[in-house]
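Please have the structure open while I talk.

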Amino acid sequence: MGTSVFMVGVPQAKLTVVVRPSLARRTLKGKKSGWLRAKIKDDDDPLLQAAIHGASLRFQETHRPEPLFIDPYAGCFLLPNAEKDMDQNPHHYCLATKFIDDKLLSAINHIDGLNQVVLLTDGMDTRPYRFRWPTSTIIFNISPESVFKIAAQKLDGVGAKLPKSCLLVHVPLESSDIIQEILRRKGFLGNRPSIWVFQGLPVMTLAGFEELVSVVSSLAMKGCLFLGELPALLAETEAGSKSSTKQWVDKLFMGNGFKVKTICYDEVARSLGKELESGEYKNILFVAEQLRFSDDQMEIWRREFQRIEEDADEEGFEEL
């Protein structure tokens with residue numbers, strides 16, 4: 001029986017999208033809480049197939065006459081004879097990808113000191129390669145290790161490279177129980193700006209996603225953004241119906257210090273002059289802003305307060 005998986009430096013220079021048409025236009029030969037622990041054994045694995053499906057949607061969008069975005073690397077994950085679907089209306093996933101791309105570009109270009117990007121993905125996210133990142137950007141990719149390894153091999157095979165001054169760090173999803181420790185050990189600083197993107201990360205349970213939000217809340221400093229696509233089925237598990245999903249999302253994020261806004265896909269489509277592809281789509285597009293201090297910020301305040309108290313005690317002793 002198959003496994004059920006819900007998918008979904010100081011930068012002064014402007015961040016741009018790297019477009020390589022010649023490559024884009026051709027096809028190329030756990031833990032109890034519910035974070036996913038899985039390994040890819042063959043091509044029938046649901047994690048690998050879900051990641052390939054996302055890549056296929058980006059490939060199709062890239063080849064439309066007026067694409068929302070161009071992903072010059074999506075084709076390297078597909079079979080050489082992958083067909084192009086010329087349906088005029090974009091898929092919800094592609095609209096979400098465009099929305100997330102724009103928000104990420106805007107944040108990187110306008111927030112001073114933002115050089116930490118955390119991507120929570122299915123393992124085949126090509127943003128590290130299709131964006132021209134500002135100097136000293138560190139991109140942390142949290143995803144299933146086996147899918148990421150397959151993707152890395154495919155990307156290396158087509159010559160995908162990061163800007164020389166930037167760094168891509170992979171954090172295996174299977175290490176979710178020590179993910180904060182791994183991120184810090186690999187250079188993440190909770191007292192520096194960061195942006196978190198959630199799209200495609202396999203989450204099996206409601207408790208797993210709640211834990212994820214808690215982890216982001218602990219690591220993201222005040223004012224940081226957390227955005228992406230929330231699998232609606234998780235929300236419906238708790239809320240019981242679509243009508244109460246928004247209230248559940250508000251409660252979940254506010255309980256972890258985030259102010260959240262859910263975005264309607266139709267609204268995104270209209271802003272782009274597009275019409276949505278027909279059919280039901282279960283995910284929820286969201287943007288959340290951290291209102292609390294991160295654990296690292298709180299530790300800095302604690303040490304400063306302790307220093308002030310010790311200085312005051314010494315002054316009082318000298319007066320005696």
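This is a predicted model: local features need pLDDT of at least 70, side-chain atom pairs count only at pLDDT 80 or more; totals for chains, interfaces and linings use all residues.

K222 lies over the face of F293, at 5.3 Å from the ring centre, where a charge sits over a ring if NZ of Lys or CZ of Arg is within 6 Å of the ring centre and within 35 degrees of the ring normal. Residues are numbered from 1 along each chain as its sequence is written, and side-chain values use heavy atoms, with hydrogens and water left out.

Turning to ring pairs, rings of Phe, Tyr and Trp (its six-membered ring) pair if their centres lie within 6.5 Å, and planes under 30 degrees apart count as stacked, over 60 as edge-to-face and the rest as tilted. By this rule there are 13 aromatic pairs.

In one of them, the ring centres of F140 and F188 are 5.7 Å apart with the planes at 70°, so this pair is edge-to-face. Both F140 and F188 are buried, meaning under 20% relative accessible area, with exposed being over 50% and partly exposed in between (1.4 Å probe, protein chains only).

Another pair is F226 with F258, whose ring centres are 5.9 Å apart and whose planes are at 55°, so we call it tilted. F226 counts as buried at 0% relative accessibility, and F258 is likewise buried, with a relative accessible area of 0%. Finally, ring pairs link F226 and F258 into a cluster with F198, F209, F253 and F286.
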